[in-house]
Each structure stands twice: as structure tokens, then as C-alpha cells.
Amino acid sequence: GFEVLKIYESQASALERLDKKSDALAIWKKAAEEAKKLGVHENKNGVFYRHLTVFKNAEQTQIITDFFLKNLSLYPEDPELQRRYAKFLLEQKDFKMAEQMSYKSLLNSYGRNEIYAATIYSKALAQQGKFEDAKNTLLQLKTRENVNDSSQKLIDEGLSAVDKIRAAQK
């Protein structure tokens, strides 16, 4: 069950920290097989989301793409699903699609999910050279009255990420 999956995840992460990439990949592939048995790639409940990274680490990204496309066809207005897919797209360097999906999530979100969506949206914009739009998106959220300290920290981290992307592209 999930205990076995967590053990595989811990083992693979430890091997990565030791810079044993091929050994880690072998364990990630075992973890992916366990995740398939558990139906992680078929269920959109929150507990399953965090285990989708097993497939990414096992270099089985098509499973993740299929998961998101299937679930977005069933739940097209789910802002958390949209945000998580946008994050995955950003990690896959599909910046245009990440921009579009995170923007949808941003429009449908409130609270913490809105902050997460805005940071992903800003990073996608920055990766495409749209630095002012990226910063303005985050600065608009930063000036709201109801933004708590942890959300302010996320916004600041997003602004810092935009600056780093800009510096890397110079």
C-alpha cells in the first residue's frame, strides 16, 4: 500500500542525495509500479496528487499528462487541478501551456490556491520574457489587505524567482 510507496520514495530520495542517479531511477520505477497498483494515476483526490511525482521521477511523464487531461475533461473548472497541471507543465518547460493553465486556475481560485497559481503564472510569463507582467501579477496580490504572512512569503519567493529567471536569460 501507501507504506511501501513511501518507503520507495524515501529510498530513491536518499540515493539521489548520494548522487546515485541510476540506482535512484531504478527505485523510482519500482515506486511507479506500486503507485499504479494503488491507482494513483487514476484518482484526483488530494492524497494521490503528491504521489504523482513518482511518475515524473521514474521518467514516466506521459502517465501524468494522461492523468491531468482525463481529470480536466471531467472537472474543467477545478482550480487546484488546473494549478497542479500548470506546475507540471512549467517543470516540463511547456511555458505557453503553463501560462494558459495557470491563468485559468488564477481566475477560478481564491486564498492560498490563488497565490500558488499566481506564482506559477508569473514564472511561466518570466520564462517567456514577460517580466513586467510577471512581477505585476504578484505585486497586485501583495498589496491586498487580506494577504497573511505565509502568503506574503510565497509572493516574495515568486518575485525572487522572476528576478532569477530574468538574470539567467541575460
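This is a predicted model: local features need pLDDT of at least 70, side-chain atom pairs count only at pLDDT 80 or more; totals for chains, interfaces and linings use all residues.
**Stop 1**

Start with the largest pocket. Its volume is about 450 Å³. Select Arg-83, Arg-84, Lys-87, Phe-88 and Glu-91. Of the 21 residues lining this pocket, these are the closest to its centre.

Now colour the helices around the pocket. Those that give two or more residues to the lining are α4 (53-57), α5 (61-74), α6 (79-91), α8 (111-127) and α10 (149-169). Which of them gives the largest share of the lining? Pick α6: it supplies 6 residues.

What classes of residue line the largest pocket? Count 10 nonpolar, 3 polar and 8 charged residues.

**Stop 1: α5 and α6**

The crossing of α5 past α6 is left-handed.

Next, show the side chains where the two meet. On α5, select Thr-61, Ile-64, Thr-65, Phe-67, Phe-68, Leu-69, Asn-71 and Leu-72. On α6, their partners are Leu-81, Gln-82, Arg-84, Tyr-85 and Phe-88. This contact has 8 nonpolar, 4 polar and 1 charged residues.

**Stop 2: α7 and α8**

Move on to α7, residues 95-108. The axes of α7 and α8 come within 8 Å and cross at roughly 155°. That makes this pair roughly antiparallel too. Their crossing is left-handed.

Select the α7 side of the contact: Phe-95, Ala-98, Glu-99, Ser-102, Tyr-103, Ser-105 and Leu-106. Across from them, α8 brings residues including Asn-113, Glu-114, Ala-117, Ala-118, Ile-120 and Tyr-121. By class, the contact of α7 with α8 has 10 nonpolar, 4 polar and 2 charged residues.

**Stop 3: α9 and α10**

Finish with α9, residues 131-142, and α10. How do these two helices run, parallel or antiparallel? Their axes come within 9 Å and cross at roughly 170°. The pair is therefore roughly antiparallel.

Show the contact. From α9, pick residues such as Phe-131, Ala-134, Lys-135, Leu-138 and Leu-139. From α10, include Ile-155, Asp-156, Leu-159, Val-162 and Arg-166. The whole α9–α10 contact has 9 nonpolar, 3 polar and 6 charged residues.

Methods. Residues are numbered from 1 along each chain as its sequence is written. Side-chain values use heavy atoms; hydrogens and water are left out. On a 1 Å grid over the protein atoms alone, a cavity is a set of points where a 1.4 Å probe fits but cannot get out, and a pocket is an open set with protein on both sides within 12 Å along at least five of seven lines; lining residues have an atom within 4 Å of a point. Grid points are joined across faces, edges and corners, and a volume is the space filled by probe spheres set on the points. Helices (H or I, at least four residues) and strands (E, at least two) are DSSP runs, numbered from the N terminus. Ala, Val, Leu, Ile, Met, Phe, Trp, Tyr, Cys and Pro count as nonpolar, Asp, Glu, Lys and Arg as charged, and the others, Gly among them, as polar. A crossing is left-handed if the near helix is turned anticlockwise from the far one by less than a right angle, and right-handed if clockwise. Contact means heavy atoms within 4.5 Å. Axes are lines fitted to C-alpha atoms, for helices over the stretch in contact, and angles run from 0 to 180 degrees between N-to-C directions. Angles under 35 degrees count as roughly parallel, over 145 as roughly antiparallel, 65 to 115 as roughly perpendicular and the rest as oblique.
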